[in-house]
Amino acid sequence: MTIEENLVVQIDEAMILAGLHRTSALQLIDEAQAKSHKAALLKADEAFEGAERALVGYHGVLPLLPDLDAAVRAKLEADFTLIISRSALLAARNKLDKAAR
């Protein structure tokens, strides 16, 4: 498998993960709104927006090929955005769980 083919597979998998993050964030937004938990709502919204930005970033990677360096930089930027989104997602869940105790 070439580096470019491997990058395509990684992008496909990352887009699936970003979509799952977005769905989870939407569920947490609904839960935080239902429980009137403003701090959790802010974190869930941050997670949703991060997942959206990561998806947009991943969509922009493949058109950069054959410039492999540019494509890899764009993918890493989208990966970093998704990591931050995941952190916000976990923080929102933690805030909701603590409020339930």
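**Reading a predicted helical model**

Modeller: Let's start with Ile16, which sits in helix 1. Keep in mind that this is a predicted model.

Colleague: Okay. Is Ile16 buried or exposed?

Modeller: The general idea is to look at relative accessible area, where over 50% counts as exposed and under 20% as buried. Ile16 has 55%, so it is exposed. Leu17 is in helix 1 too, and at 40% it falls into the partly exposed class.

Colleague: What do Ile16, Leu17 and Leu20 make?

Modeller: Together, Ile16, Leu17 and Leu20 make a nonpolar surface patch of about 290 Å².

Colleague: And how do I read sequence distance against distance in space? How far apart are Ile16 and Glu46?

Modeller: You count places along the chain, then check the C-alpha atoms. For Ile16 and Glu46, that gives 30 residues in sequence and 19 Å in space.

Colleague: Let's take another residue of helix 1. Is His21 buried or exposed?

Modeller: His21 belongs to helix 1, which covers residues 3–34. Its relative accessibility is 9%, so His21 counts as buried.

Colleague: Now salt bridges. How many are there in the whole structure?

Modeller: A search of the whole structure turns up 6. The idea is a side-chain nitrogen of Lys or Arg within 4 Å of a carboxyl oxygen of Asp or Glu. One of them pairs Lys43 with Glu46, at 3.4 Å from N to O.

Colleague: Where do Lys43 and Glu46 sit relative to each other?

Modeller: Both are in helix 2, residues 38–59, and they are 3 residues apart, so about one helical turn separates them. Lys43 is partly exposed at 27%, and Glu46 is partly exposed at 34%.

Colleague: What about Lys75? Which residue does it form a salt bridge with?

Modeller: Its partner is Asp79, and their closest N and O atoms are 2.5 Å apart. Here the spacing is 4 residues within helix 3, residues 68–100, again about one helical turn.

Colleague: Are Lys75 and Asp79 buried or exposed?

Modeller: Lys75 comes out at 11%, so it counts as buried. Asp79 is buried as well, with 18%. Elsewhere, salt bridges with shared partners tie Glu31, Lys35, Arg93 and Asp97 into one network.

Colleague: How far apart are the closest N and O atoms of Lys35 and Glu31?

Modeller: They are 3.0 Å apart in that salt bridge. Lys35 is partly exposed, with 48% relative accessibility, and Glu31 is partly exposed too, at 22%.

How values were computed. Residues are numbered from 1 along each chain as its sequence is written. This is a predicted model: local features need pLDDT of at least 70, side-chain atom pairs count only at pLDDT 80 or more; totals for chains, interfaces and linings use all residues. Side-chain values use heavy atoms; hydrogens and water are left out. Buried means under 20% relative accessible area, exposed over 50%, partly exposed in between (1.4 Å probe, protein chains only). Helices (H or I, at least four residues) and strands (E, at least two) are DSSP runs, numbered from the N terminus. Patches are made of residues with over 30% relative accessible area and no salt bridge: like charges are joined within 9 Å, nonpolar side chains (Val, Leu, Ile, Met, Phe, Trp, Tyr) within 5 Å. Accessible areas come from the Shrake-Rupley method with a 1.4 Å probe; for residues, only the protein chains shown count as cover.
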